[in-house]
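Have the viewer open as you read.

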Amino acid sequence: MMNIGQAAKASGVSAKMIRYYEQTGLIPAADRTDSGYRDYSDTDVHMLRFIRRARDLGFSVAEIGDLLNLWRDETRQSAEVKRLAQGHIDALEKKIVVLQDMAHSLTMLVNACHGDHRPHCPILQRLETDQDNEDLSIRPRSGAVSRSLQ
């Protein structure tokens with residue numbers, strides 16, 4: 001048995017996050033010592049490591065709850081786990097496209113900015129307008145090549 005600090009160190013999950021996971025019901029409340037301190041078992045630490053690895057892969061707390069339920073259910077079908085993981089991959093791939101679009105738009109703006117002593121700045125000008133990313137009319141300054149095109 002170990003206290004929250006020891007469980008945090010052994011699992012790689014901060015004590016603050018362990019308390020949060022308990023508070024939200026992701027993990028059951030820890031046993032308490034006679035003096036009221038949390039007391040964690042090796043099984044608790046194993047579960048916390050599972051959660052940490054799932055978080056490292058970008059799963060949300062809700063998705064981790066689903067994964068924990070599947071992990072605990074010995075009658076589960078692996079197809080359920082695969083479906084959940086594939087859904088996460090699909091969401092990640094959509095985020096990647098959005099992030100690439102953002103990086104491309106920002107690259108265009110950086111290339112349009114002379115970065116000199118003058119106050120005119122296409123980056124700030126673009127941020128103050130209500131244009132959508134597709135309406136981005138600022139082109140790279142002459143001679144500048146976008147990194148995404150190299």
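## A helix pair and its surroundings

In this predicted model, the axes of helix 4 (residues 61-72) and helix 5 (residues 78-112) come within 10 Å and cross at roughly 165 degrees. Angles over 145 degrees count as roughly antiparallel, so helix 4 and helix 5 are roughly antiparallel to each other. As for handedness, the crossing of helix 4 and helix 5 is left-handed.

Which residues do the touching? On the helix 4 side they are Glu 63, Asp 66, Leu 67 and Leu 70, and they meet Glu 80, Val 81, Leu 84 and His 88 from helix 5. Sorted by class, this contact of helix 4 with helix 5 comes out at four nonpolar, one polar and three charged residues.

Now zoom out. The protein has six helices and two strands, and along the sequence they follow the pattern α-α-β-β-α-α-α-α. Here are some whole-protein values, with what each one refers to:

| Property | Value |
|---|---|
| Buried share of the 150 residues | 29% |
| Share of contacts with a separation of 6 or more that join residues 24 or more positions apart | 53% |
| Accessible surface of the protein | about 10700 Å² |
| Part of the accessible surface belonging to carbon and sulfur atoms | 52% |

How much of the protein counts as buried? That's 29% of its 150 residues.

Terms used:
Residues are numbered from 1 along each chain as its sequence is written. This is a predicted model: local features need pLDDT of at least 70, side-chain atom pairs count only at pLDDT 80 or more; totals for chains, interfaces and linings use all residues. Side-chain values use heavy atoms; hydrogens and water are left out. Helices (H or I, at least four residues) and strands (E, at least two) are DSSP runs, numbered from the N terminus. Buried means under 20% relative accessible area, exposed over 50%, partly exposed in between (1.4 Å probe, protein chains only). Contact means heavy atoms within 4.5 Å. Accessible areas come from the Shrake-Rupley method with a 1.4 Å probe; for residues, only the protein chains shown count as cover. Axes are lines fitted to C-alpha atoms, for helices over the stretch in contact, and angles run from 0 to 180 degrees between N-to-C directions. Angles under 35 degrees count as roughly parallel, over 145 as roughly antiparallel, 65 to 115 as roughly perpendicular and the rest as oblique. A crossing is left-handed if the near helix is turned anticlockwise from the far one by less than a right angle, and right-handed if clockwise. Ala, Val, Leu, Ile, Met, Phe, Trp, Tyr, Cys and Pro count as nonpolar, Asp, Glu, Lys and Arg as charged, and the others, Gly among them, as polar.
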